[in-house]
Amino acid sequence: MRRRSTVTLAGLCALAGVLVAGLLAPVALGAGLLSNQVSDSVSAISADLATGSPPLTTTVTDREGTPIATLYDQYRLPVTAAGIADTMKAAIVAVEDRRFYTEGGVDPQGMLRAALHDSAGGNLQGASTITQQYVKNYLINVVDRNDKAAQLADQEDSIARKLREAKIAVELSQKMSKDDILAGYLNVVEFSGTVYGVGAAAKAYFGTTPDKLTVSQAALLAGMVNNPGMFNPYTHPAEATQRRDLVIDDMVSGGLLPANYGASAKNEPLGVLPNGPVTPPGSCMGAAPDAGFFCAYAESYLEQAGFTADQLATGGYVIKTTMDPKVSRATKDAVDANVPTTQDGVANTFAVVQPGQNGHQVLAMVANRDYGNDPDKGQRSTNIVADAANKFGAGSSFKIFTAAAAMVAGKAGLNTPLPNPANGCFTPPDANRYTACYPVSNDGTNYPNPISLADGLATSPNVAFVGLESQVGMPAVLDMARKLGLRTTLTTNDAGNPPVTDPANPLSKNPQYNQPQSRYFQNLLSFTLGNSPVSPLEMANVSATIMSGGVWCPPDPILSVTDRAGKPVPVRRQPCEQVIPAGVAHTLMAGLSQDTKHGTSALAAHEAGWTRPDIGKTGTTEQSESVAFVGGVNDYAVSSMVFADGSRPQEICPGNPVHLGDCGAGAFGGTVAAPPYFHAMNQLLAGQPDKPLPEPDPAYLGTHS
């Protein structure tokens, strides 16, 4: 212990003497052992400190620039020296470093005091100026914030740490003004929990800005930086008051505050906001009910584009999304009116995409559920709008893929008669003689036989479409589903999750779980009946592809990203693709235009007073655990899905409200999933003219029956 104390005393004494002349070359210390422990990154760190790049809050906005969420790891609102009240500057200088304005980054007197204390057997202490504290806090809260071991090293009681800290502080004092160092320190330091920097602290504790802090407020905040936990005014009000008063006394004794002002400030209550510190939620789960799922999708979209989660939480970006607040509010109102948020076991999702040949902008992603962690409040912590969260499928809306594949392959046109007996049993075209046929029946006996493809799209007979699928072949139908929009859905397994590949997991031996849907359904004709997990957003984008003349584009939630300096940040995007001929798309739209007129959703359309030209296709799974409406009107491509989302799924029953139960016939896409579409679109399109649909291409009409 005596040897270490002697080395420390000699080193610090030499250091203090050299620093008087403004130098800090380790060779001048005559302490090679210590200089080897000084980090090689000193200059780089001092340069970072001089330019200032602490973690900042990222703001997510709608397309009009209105904030919808904040993302952060450290809640920080940066401020310049001019934006900090003199009371705050005086308070922090008084309690932390009275010689701040006269020293050169380090305090030789403090260094000597610390050395003498250490030589007597005490702990290494003192000698930390505000500049050195800025260095220390920058290392802990910025450089090493994700490295617990490094953070411990940044706080260790060692002469090596003090040497590195001091060297950086001296370099920093030569690059920055005192006011800028003080502002930098006050922007980096922690004020408890996730609150960092005086800008955030002023708002979180007092609901004000740092340029308006009173003496009492400034003294409370200045006192907290020494020990944010101990001097937290909410959890330790007595200690916080005592510490505030000590800071005020230091301001008075240091000549920074008249004594009568100090006495008056000490008589004031702490004056913090109730139930604080008051900070905005730091993730998309804090977004408004009509924006949570959209925000989460925007975040994941940017991560797939190359941003890291840490960048998004600390980069100080402004992310302007494509979310249209009017569309989001209208669709959220529609699904909430259809299925209450807390309705047990029933989810209603609604996605809206704007068609276009140069891009498909997502306008709304809502559900009766809200994005959050409290199931009792009807919240869901996964993105049930973007993910393949509808585990039961979109029902007969998948017949769109069979129809499109048949048109492209020349197997059928809109007027082509399709065999449609009440029952049928089919095999894929490449099946061998040992392959069992897939039995299927129509839901009811009122279908004509044969039936045209156009009428089939409107009335949805199962036998006709499974028969057509067996002619076209599963590879072509699956490829069409991928082309039109199920890019992510088909990569999931038949449970809507990533395929299980771990050999230790028993599910890895089951094709239903170890294969993506694109492979699993290669020989399963049930695909056109839509009994597999699907993304509601991707089904809306299927409509957008058809409405865009056969051009697929990724469902894009981002208008722009700007960095903390306001400069644009490029976002990597997948290019759009012409996936089917425009003639096929236009003809398919003509076939889908009859659903709301005399098809499966016609009754709901009539009850809503709906007469606009549009496209639509409903879907209902065999046990009615899921129903869907997929379609579009004007510049809105949509999907509305109602499905069981609880731990004990049952048949969905129509009613007010829609609910689970054993109701016999159960819900249908036209009776339960379509009404929110009419509700929302009637509101959004009020007063707007109809947009006519394109004419079908005669090449894809086929033979009349």
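Rings of Phe, Tyr and Trp pair if their centres lie within 6.5 Å. The legends below describe close-up views of a predicted model.

**View 1. A cluster of aromatic rings.** Phe398, Phe401, Tyr520, Phe521 and Phe527 are linked into a cluster by ring pairs. A search of the whole structure finds 16 aromatic pairs.

**View 2. The stacked pair of Tyr205 and Tyr234.** The ring centres of Tyr205 and Tyr234 are 5.9 Å apart and the planes stand at 25°, so this pair is stacked; planes under 30 degrees apart count as stacked. Tyr205 counts as buried because its relative accessibility is 0%. Tyr234, at 25% relative accessibility, counts as partly exposed.

**View 3. Charged side chains over aromatic rings.** The charged end of Lys178 is placed over the ring of Phe100, 4.6 Å from the ring centre. Arg487 lies over the face of Trp552, and here the distance to the ring centre is 3.8 Å.

View 4. The strands follow the order 2-1-3-14, and their pairing is mixed. Strand 2 (67–71) and strand 14 (558–562) form the edges; each has a single partner strand, so one side of each is left without a neighbour in the sheet. On average, neighbouring strands of this sheet are turned by 15° against each other, direction ignored. Helix 15 (residues 292–304) packs on the sheet and touches strand 1, strand 2, strand 3 and strand 14. The direction of helix 15 makes about 65° with that of strand 14.

**View 5. The pairing of strand 1 with strand 3.** Strand 1 (residues 58–61) and strand 3 (residues 318–321) run parallel and are joined by 3 bridges. Within this pairing, Thr61 stands opposite Lys320 of strand 3. Strands of a sheet pair through backbone hydrogen bonds, in either a parallel or an antiparallel manner.

View 6. Helix 25 (residues 582–592) is mostly covered, with 9 of its 11 residues buried. Among the buried residues of helix 25 are Gly583, Val584, Ala585, Thr587 and Leu588; the list also includes Met589, Ala590, Gly591 and Leu592. The buried residues of this helix pack against helix 18 (399–409), helix 19 (453–459), helix 24 (536–547) and helix 26 (595–598). Strand 16 (615–620) is also one of their packing partners.

How values were computed:
Residues numbered from 1 in each chain as written. Predicted model: local features only at pLDDT ≥ 70, side-chain atom pairs only at ≥ 80, totals over all residues. Heavy atoms only, no water. Pairing = 2+ DSSP bridges. Helix = DSSP H or I, 4+ residues; strand = E, 2+ residues; numbered from the N terminus. Axes fitted to C-alpha atoms, helices over the stretch in contact; angles between N-to-C directions. Contact = heavy atoms within 4.5 Å. Phe/Tyr/Trp six-rings, centres within 6.5 Å; stacked < 30°, edge-to-face > 60°. Buried < 20%, exposed > 50% of the residue type's maximum accessible area, 1.4 Å probe, protein only. Lys NZ or Arg CZ within 6 Å of the ring centre and 35° of its normal.
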